[in-house]
Amino acid sequence: MKTKQFLMLSAAAVLAFTLSGCQKGTSSSNSSGFESGVDMVATGEPEVAVVTGAPKVPPPVGDRGPKKWIVNLKTTEIEGIIADSIPYTFWTFNNTVPGSFIRVRLGDEVTLNLKNATNSVLPHNIDLHSVTGPGGGAAATTAAPGKEASFNFKAINAGLYVYHCAAPPVPMHIGNGMYGLILVEPAGGLPKVDKEYYIMQGDFYTKASSAKKGLLEFDNDKAVAENPDYVLFNGSKGSLLGANMIEAKVGETVRLFVGNSGPNLTSSFHVIGEIFDNVYLEGGSTVTHNVQTTMIPAGGSAIVEFKCEVPGEFVIVDHSLSRAFNKGAFGKLKVTGEANPKVFSAKALTKE
């Protein structure tokens, strides 16, 4: 009797497995079981996408279907402040470091137009890690100064992806600030939160410019030795301090889209006094919980989420702490609202 029951259960299991396999074969899932955008149909006329400079991000995609977008980026070579009123020659997408945040959804079709400024010295291009195709679009978008290039791609994998210039020498282009993030939201969008911000870490290797007194420029020898002078959030020391602190209120849930351009270092991303409720590991679909510090490789990303339980100023660091306290990877989140003594309380010590 037991043998008969076992055989019946085994047959049922095999049938269920077979049906499951047939169902997967007819869905838009890839070989790993995750939803793919390959066969999704983008509708409507192309629209110009809203892109934003850090720490701002464009609005969530919500529950809309796949659409067609035009993303316009311009590569420039400009002077900007890297730290303590010191100017540096940055190379940028859309005049910001990091470059503009791009936000689409699974199945969207994107036309990316890249224009290289007339006064640039070198050709530039873009390699988007979200693109399935040769070079992530780099060869297709290589543009000499004053020229423009374009290509089309379909967003077939959800996640948070780095993009960067891949013109040679690649470490120099990335090391000068040519990087950013593109978010491909899943169908239905990410869960709603109260605040979203864009943070990207980069390591900078500098020397005195021979062209202009007081100006810093890229130092290839330091880059090869992987010995940066600065490790920075959003391209400059103090970019997330003072009037530039990111903000939230007690009771709000914050989502940080965090990238690491490198070109060399791995980030140990940490918010002092907070615990990440959710971490989308390496910007992908695997979510883990109750994380203190998350590792972000060069050329990688993570999405972190946490609820603000108490007020205060919460320090954002690379927990390789010499980078935070000596090289600039230091910012703050300012949380305002009522105290919550059930979670945290502090009493001042009185002198006897």
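Modeller: Phe-233, Phe-269, Phe-276 and Phe-306 form one aromatic cluster (rings of Phe, Tyr and Trp, the latter by its six-membered ring, pair if their centres lie within 6.5 Å; planes under 30 degrees apart are stacked, over 60 edge-to-face, the rest tilted). This is a predicted model, where local features need pLDDT of at least 70 and side-chain atom pairs 80 or more, while totals for chains, interfaces and linings use all residues. Residues are numbered from 1 along each chain as its sequence is written, and side-chain values use heavy atoms, without hydrogens or water.

Beyond residues up to four places away in sequence, Phe-269 touches Ile-199, Leu-256, Val-304 and Ile-316, among others (contact: heavy atoms within 4.5 Å). Phe-269 also belongs to the largest nonpolar core, 53 residues, where Ile-82, Phe-204, Leu-256, Phe-257, Phe-269 and Leu-333 touch the most other members. Such a core joins buried Ala, Val, Leu, Ile, Met, Phe, Trp, Tyr and Cys through side-chain atoms within 4.5 Å. Strand β10 gives the most to it, 5 residues (strands are DSSP E runs of at least two, helices H or I runs of at least four, numbered from the N terminus).

Across the whole structure there are 11 aromatic pairs. One of them, Phe-101 with Tyr-198, is edge-to-face, 4.9 Å centre to centre with 70 degrees between the planes. Phe-101 sits in the loop between β3 (86-93) and β4 (102-105), and Tyr-198 in β10, 97 residues apart. Phe-101 counts as buried because its relative accessibility is 0%, and Tyr-198 is also at 0% (buried is under 20%, exposed over 50%, partly exposed in between; 1.4 Å probe, protein chains only).
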